[in-house]
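Subject: Structure for you to look at

Hello,

Here is the structure I said I would pass on. Please open it next to this email and follow along.

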Amino acid sequence: MSKIVCGNSHCLILFNNGDLYGFGGNEEGQLGLTITNEDSKYISTLTKINFTVQNLEGFSVEDIAAGDTFSLVLIRDNNNRTKVVRFGINQADKYRTNLNSVVVTSIEEVGNEDNVEITKIAAFGKRKIVITNTNEIYLS
């Protein structure tokens, strides 16, 4: 196992081989699993999370973080660029209009310069933190 993170009612586990698994509350899509019925709002068994990111052919999972009702995933694409995606919502979001599908949302567009990339992510409560290889810290 590489890393375990937990929010208020959900947990994510990143394995050494890059596989991402989760269990617990999924009411807001914080596990990255599609919400189709009441049963899919709470996942009682460890479940593999497969997700896609728009406009990316392939990527690997580098890091994970969990806030109250959202999860963050740091990915590296085939062009060796990093990006942070989010599952679920936090209190800073006004509302969620479609609970029938999980929307993967980019939260930070940092590291646009060639020599800057996101190296770590963290979350607590409603806050998200992104750290770059130049030791810049972004808090939202």
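Below is what was found in it, from the overall make-up down to single residues.

Please keep in mind that this is a predicted model.

Overall make-up

The protein has 11 strands and 0 helices. Read from the N terminus, its elements therefore go β-β-β-β-β-β-β-β-β-β-β. It is 140 residues long, and 42% of these residues count as buried. Among the contacts with a separation of 6 or more, 39% are between residues 24 or more positions apart. The exposed surface comes to about 7,800 Å², and 45% of that is supplied by carbon and sulfur atoms.

The sheet at the start of the chain

Strands of a sheet pair through backbone hydrogen bonds, and they do so either parallel or antiparallel. S1 and S2 run antiparallel and are joined by 4 bridges. Within this pair, Val5 has Leu12 in S2 as its bridge partner.

The disulfide

A disulfide is a covalent bond between the sulfur atoms of two cysteines. The count for this protein is 1 disulfide. Which cysteines does the disulfide join? It joins Cys6 to Cys11, with an S to S distance of 2.3 Å. The link of Cys6 and Cys11 is right-handed, with 100° about the S-S bond. Is each of the two buried or exposed? Cys11 has a relative accessible area of 14%, so it counts as buried, the cut-off being under 20%. Cys6 has 45%, so it is partly exposed.

A buried asparagine

Where does Asn26 lie? Asn26 is in the loop between strand S3 (20–25) and strand S4 (42–48). Its relative accessible area is 0%, so Asn26 is buried. If neighbours within four places in sequence are left aside, the residues in contact with Asn26 are Leu31, Gly32, Leu33, Thr34, Ile35, Ser40, Lys41, Tyr42 and Ile43.

The nonpolar cores

The largest nonpolar core has 17 residues, and those touching the most other members are Leu12, Leu20, Ile49, Phe51, Ile64 and Val73. Strand S2 (10–14), strand S5 (59–66), strand S6 (70–77) and strand S7 (82–88) are the elements that each give two or more residues to this core. Which of them gives the most? S5 does, with 3 residues. Apart from this core lies another one of 9 residues, including Phe70, Val84, Ile121 and Val130.

Not counting residues up to four places away in sequence, Val73 touches Leu20, Phe51, Val61, Asp63, Ile64, Lys83, Val84, Val85, Phe87 and Ile121.

Strands S6 and S7

S6 and S7 pair in the antiparallel sense, over 7 bridges. In this pair, Val73 stands opposite Val85 in S7. The hairpin of S6 and S7 has 4 residues between the strands, and Asn80 takes a positive phi near 65° there. Why is S7 described as largely enclosed by the rest of the structure? The reason is that 6 of the 7 residues of S7 are buried.

In a regular strand the side chains alternate between the two faces of the sheet.

S9 is joined to strand S10 (residues 127–132) by 6 bridges, and the two run antiparallel. In the hairpin of S9 and S10, which has 2 residues between the strands, Gly125 takes a positive phi near 55°.

Regards

Technical notes. Residues numbered from 1 in each chain as written. Predicted model: local features only at pLDDT ≥ 70, side-chain atom pairs only at ≥ 80, totals over all residues. Heavy atoms only, no water. Core = buried A, V, L, I, M, F, W, Y, C linked by side-chain atoms within 4.5 Å. Buried < 20%, exposed > 50% of the residue type's maximum accessible area, 1.4 Å probe, protein only. Contact = heavy atoms within 4.5 Å. Pairing = 2+ DSSP bridges. Areas by Shrake-Rupley, 256 points an atom, 1.4 Å probe, with all protein chains shown as cover. Disulfide = S-S within 2.5 Å.
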